[in-house]
Amino acid sequence: MSKLTIQNERVDDVILILTMLVEMGIVDIVDGVVPRHGNRQGLSAGELVATWLAYILSTSDHRLSYVENWSEGLLVALSIFWGASVTAQDFTDDRLGDLLIVLSNDEVWSEIEGLLNEHTIRVYNLPTDVVRIDTTSVVMYHDSEESVLAAFGHSKDHRPDLAQVKIALLTLDPLAMPLVTTVVPGNTADDGLYLPLIEQARESLPDKKPLLHVGDSKMEAAQTRGQIDKSGDYYLLPLSQKGAQKELLIEQVKKAVASSAEGNEPKLLDIHEAETNGHDTPKLIARMMELPREQVATLDGDEHTWQERLILTYSPPWPTSNGKGLSNACAMEPKPCKT
């Protein structure tokens, strides 16, 4: 009678994560962009990326120095999954570090990002009408003099004593699926990050129809809005209270209200709750008006002129609960518009 050997491994959610990553096409896409090193045996670059991502997601730990020890408890399961012998040597610090160097190349990463977006959107038939753009900063315990990314800047975490990096992210609405990610030094201004993100997203989407770009007030630079309009896309953003903007908005509101009172355009539009909640009439939640506004920006040495739709909104409950009057103009419109 042959001797039966039983080996137990705790796989947790690793195999499930690997299966999903393979279905997303990550392995084939990475292998198509990153060729196999001639002197390297074992897992391909795509298989290594997928297994490393499974480690990060399963353990909530991004440190590469722990992956080799983690893999030693899953070698049988990983070998069965990949259909080849997997050893702990596939996950050494040197090999993972070399892979990071390859992926840090902007051209390589952009190609992988674009191919992954096209594959994911086509497979799951995701809508590609609206994208959202935002930036944030992440503090880190790192010597800024030894890094090209870590730098001192305005800290949203209220830690001016720590260096930070800034991350710009463009996601597909409403799933919030990341399309383009950019990491820059922590002292980089936000204004210059929007157009490169938008251009990368446009190139990576399979269908080239116009997009509605939703962002914050830092996207209101005239060059940014003008370039979006010139490319045939749309934008939606709240207006800031910088410079003479506040006085301009107040003046526009006074003129619009006076014109509406005389029965002329633009008229105030009242927005009520859909349900009465036991009251005789639905509750008034907002009043809004729309005004046309011409804008001009210099793009590549030439003047570009376009018409904006300026949407002013006022919520009656808001001043009561906040003790403030009408001081903000917000842009709210579900369909593509220029705000």
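Arg10 is exposed, at a relative accessible area of 68%. Exposed means over 50%, buried under 20%, and partly exposed in between (1.4 Å probe, protein chains only). The model is predicted, so local features need pLDDT of at least 70 and side-chain atom pairs count only at pLDDT 80 or more, while totals for chains, interfaces and linings use all residues. Numbering runs from 1 along each chain as its sequence is written, and side-chain values use heavy atoms, without hydrogens and water.

**Salt bridges**

The whole structure holds 15 salt bridges. In each, a side-chain nitrogen of Lys or Arg is within 4 Å of a carboxyl oxygen of Asp or Glu. Three of them are tabulated here.

| Pair | Closest N and O atoms |
|---|---|
| Arg10 and Asp12 | 2.8 Å |
| Arg95 and Asp90 | 2.8 Å |
| Glu308 and Arg225 | 2.4 Å |

Glu308 sits in strand S8 (residues 302–314) and Arg225 in helix H9 (residues 222–230), 83 residues apart, so this pair links distant parts of the chain. Helices (H or I, at least four residues) and strands (E, at least two) are DSSP runs, numbered from the N terminus. Glu308 and Arg225 are both buried. Arg95 and Asp90 are buried too. A network of salt bridges links Lys166, Asp190, Asp216 and Lys218.

**Arg132**

Arg132 belongs to strand S1 (residues 130–140). Arg132 is partly exposed, with a relative accessible area of 41%. Its side chain makes a polar contact of 2.9 Å with that of Asp173. From C-alpha to C-alpha, Arg132 and Asp216 are 9.2 Å apart, although 84 residues separate them in sequence.

Notes
Polar contact = N/O pair within 3.5 Å; in protein donor to acceptor, adjacent residues only side chain to side chain.
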